[in-house]
Amino acid sequence: MKRQFSKLHRRLIYTVLLAVFGLILAFGIQALSEKQAISTEPKVTQLSCLTTPTLSPEQLSVQGRYSYERGDFDIAIDCWKKAAESYQKSGNETEKINNQINQAQAEQALGLYPRACNTLLQIYREQEPEKDCNDWLKDENTQDGNIQDGKKPIQSFVTLLEQRADSPAKIAGLRSLGNVLRGLGELDLSHQVLLLSLRKSQPQEKAAIWLDIGNSRRAFSNKEEDIYSRSQYSPNLVCGIVSAFAAKKAYGEAGLTAKSPSTTQLQAELNQLSLLLDIRDGYNERVIDQLLQRNRPLIKLYSQVEKCITKLTLSETSSQDLGSNEIFNNIVSRKFLSDQNQLLQPDYINNLQQQIEKLPITHTTLYTRLNFANSLIRLNQNNNQPDLENKIAGFLQEKFKQAKAQGDKKAESYALGYFGKLYMEKDPKQAIFHTQKALIIAQSIPDPNIVYQWQWQLGQIYKPKRNIQDIQAQAKDIKNGFKNLEEARKAYREAFETLQSLRRELAVGSPDAQFSFLEEIEKIYREYIDVLLWDGEPQTQPQQEHISQAREVISSLQAVELENFLRQACPENNLDNIDKIIDNKAKRTTAFISPIVLENRIETILKLPGDPILKRFNKPIVSKEKFDEFIRDVQRNLEEEYTFQDVRQKSHELYQLLVEDVDKYIDEYNQENLIKIDTLVFALDTDLRNIPLAALVRDPTSKGYLIDKYAIALAPRLEIPTPQVLQNRKINVLAAGLTEAKLPELERKFPKLNFVKEELKVLEEIAKDNPARLSVTSLSDDKFNKQEFQKKINASAFQIVHLATHGQFSSTSENTFILAADQLIRVNEVGNLFRIQAQNQKEPIELLILSACETASGDKRATLGLSGVAVRSGSRSAIASLWTIDDKFSVEFTKQFYNQLKNPNQTKAQALQQAQIALKKSLKENEHPRDWAPYILVGNWL
């Protein structure tokens, strides 16, 4: 989908006013409503609200408005906070609340969303004076969906607000709270609060609220589209399209109910314009063709459209109901992809510009103008009209002068950065000049959220072209191709370092903002790796420092993915670098492999024991998009029953792309150094993680698989928990299993596991035969409940926890869970279960085994769920299945694995290898990998 490059720039302006990371979820520059930041004073002399004690509350309020309009948000916060305190002392409740709303508005402008949320919740606190925003949201987000007074938590929270919003001032605060919640990524709650605000507000206030509802629905659309990009799950695509239509409808309602002419009406039209550009850029004929093919007969698509509309509760809120028929017909006819929409036509654009030029010059309207300029640039990217380009250049020049006159450094930076964007393809020299100036200003503020975007833009401008004619043209323009590549590497490195500095903030941000941000930085990281490993003239060949840096960059991306999943920074204590483990602890038997999928090739970086020099291999591919399709096809064939020949062919092709060159090199290295590397540890790129590498076919004639030659493990990044070995230690196992779901609503979703008791019995028998090596404590069926499991795991020191129950791994924490007798145990709750054990025991759990779990279908980041469960439990490693298999095979796998593990000379990876080989042999001629290959080991392999 054609999103990544334009997605960043179309959200740039939203960055300034609407967040640090919640910014990704905000759309358009909202003007302050008539009840927000009100002041009719004609001129104001700036005074210090902190050092001028004689200011009246009215003067403080006016000073806040003056500072806000100048972009001095910190000063505005101080003024409005003091005004609110003064009004409280005088007993003026209404003005106190109005100033609290204004204060929250300024806090949003600085990206301080949790703080703004706390400011607004002060308005509605009664019996909970100590309860802050995080406490409210934790209650609202109760993971197991507990019902409170017959209502789900989100409904209870909205009902509480409805009861307490009992004055015009408090009703006005609901709109601000809805916007803050959107910035925090709480999209469902944001939408519900805004709908409540709409129901309770006066007619003259509804236009501005419709504008905000449109923004929240647009956030839903982006979220669903982002999820679809990783899962290829068509209901997410449908809901993305439905939410986009719903946003368009809300903007239309804002325009219809606003006074004409008004800033709100103009903003609604601008938001509609940028939304249409998003739709045009975000979807294409191929994507819609796939959607229609997957939903035949089309009644399935119609049903999905209705479900998405119900999810947004449109029928309850719109004076002009958005019907299923309208959206369904638009999708089938592809009307919404057309460039013929009247909002994209020159006459309409000219009319918009005339309205914009009539706006007064303020901080807010300056960003409205820049937002419009960005839309014009996007329009010109498809049409390439010289007249329009000149018009945009003149418009930006004027905005730059206005920003300079106002002393607004951020606006200056945006205006110059947009100049650079405008000239990127046509005039690289001008693009570089303006982008560098934009970067210097952003660094002087400093604002890393703007800085990295101009650093990235510089990297894209400098990056050499693949096509020979393009290279010659670029060389003619810039004169020095080699210097150009070095400048590109430098610019991308600086963008990467800036993003690294933001990682901790990203880790604790909202999940929706995190994912959208992750999708964008993934593009930057991959482009950086591309220029680091650039193949061109001999003098541009990547050096060892470039290869090492490329591996660090992909590892950083993997760490960010895991941090986003966990919503916390990855643990930094008790970690060992994999290179050191391979050199010092793995007895020179292990190689570490990092495959990286780029747009036109697969790069593979190899680390060998005792060798400080990283080796690099690459194989061409048609495109990353085609390769992703190939991987999904391989995954489907692996999971289906009657696909043996296709699996073997495609698995061999994948072996040739990923491992063949490495395999040959390892053979030569073994001979030269008189060693035997028998274990491969992979740090797999996103698209590859759902493929069990054990199933790769080395030799299609002899039926030889990769697992026949190597033990295999996966590492989530370059560091793993300090490894310990299980050799020569007694292994205590806590084994728990569930035959069938006990909760009625889960029975249909999770089929009965008939062999669970047999699996636990096999474990007990192996322990009985080997008491010096293995002991087993079992929990079965009803006894495997949350309370009993927590009691057992915290009572003794276990090296292995073995769970024979349904579960699912997904790239989202809410869809990653383990099924117990009494409830779903979600990944965020796993840490609570294991916490006392971690505090009381000297060593963490060495191995977590999940024998009947599976990854979410189509989710290319689903194995993050397995890594997340391991991290939450404190386990050094985990074994799980990538898909559901007949649980009689789980019994045989368990038997083979523990029989291997009792051998004190076997590592965990080798035990897994031998168990899979034995399971494969037991199938004889029916050795389809779906039955023996799905098990993967993540983490410590020793």
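1. Burial first. A residue is called buried when its relative accessible area is under 20%, exposed when over 50%, and partly exposed in between (1.4 Å probe, protein chains only). Glu93 is partly exposed, with a relative accessible area of 41%. Lys96, by contrast, is buried at 11%.

2. Ground rules. This is a predicted model, in which local features need pLDDT of at least 70, side-chain atom pairs count only at pLDDT 80 or more, and totals for chains, interfaces and linings use all residues. Residues are numbered from 1 along each chain as its sequence is written, and side-chain values use heavy atoms, with hydrogens and water left out.

3. Salt bridges. The term means a side-chain nitrogen of Lys or Arg within 4 Å of a carboxyl oxygen of Asp or Glu. The count comes to 40 salt bridges. A few of them are described here.

4. Lys96 and Glu93. Their side chains form a salt bridge, 3.7 Å from N to O. Both residues lie in helix H5 (residues 93–109). They are three residues apart, about one turn of the helix. Helices (H or I, at least four residues) and strands (E, at least two) are DSSP runs, numbered from the N terminus.

5. Lys170 and Asp166. This salt bridge spans 3.5 Å, N to O. Is Lys170 buried or exposed? Lys170 counts as buried, at 13% relative accessibility. Asp166 counts as exposed, at 55%.

6. Asp685 and Arg526. The two side chains meet in a salt bridge of 2.6 Å, N to O. Asp685 sits in the loop between strand S5 (679–682) and strand S6 (697–699), and Arg526 in helix H26 (residues 511–532), so the pair ties together parts that are 159 residues apart in sequence. Asp685 and Arg526 are both buried.

7. A network. Which residues are joined by salt bridges that share partners? Lys463, Asp530, Arg601, Glu603 and Arg616 form one network.

8. Disulfides. A disulfide is a pair of cysteine sulfur atoms within 2.5 Å. The count comes to two disulfides.

9. Cys49 and Cys79. Their sulfur atoms are 1.8 Å apart in a disulfide. Why is the disulfide of Cys49 and Cys79 right-handed? The torsion about its S-S bond is about 85°, so the disulfide is right-handed. The pair links distant parts of the chain, 30 residues apart. Cys49 is in the loop between helix H2 (12–18) and helix H3 (57–69), while Cys79 is in helix H4 (residues 73–90). Cys49 is buried at a relative accessible area of 3%, and Cys79 is buried at 0%.

10. Cys239 and Cys308. A disulfide joins them, with 2.0 Å from S to S. The link is left-handed, with -80° about the S-S bond. Here too, distant parts of the chain are linked: Cys239 in helix H12 (residues 234–257) and Cys308 in helix H15 (residues 299–311), 69 residues apart. Cys239 and Cys308 are both buried.

11. Glu269. This residue is found in helix H13 (residues 263–282). Glu269 is buried yet has no salt bridge. The nearest side chain of opposite charge, Lys358, is 11 Å away. For charge, Lys and Arg count as positive and Asp and Glu as negative; His and the chain ends are not counted.

12. What surrounds Glu269? Contact means heavy atoms within 4.5 Å. Leaving aside neighbours within four places in sequence, Glu269 is in contact with Tyr348, Leu352 and Gln355. A polar contact of 3.5 Å joins the side chains of Glu269 and Gln355. Such a contact is a pair of N or O atoms within 3.5 Å; within protein, one must be able to donate a hydrogen and the other to accept it, and residues adjacent in sequence count only if both atoms are side-chain atoms.
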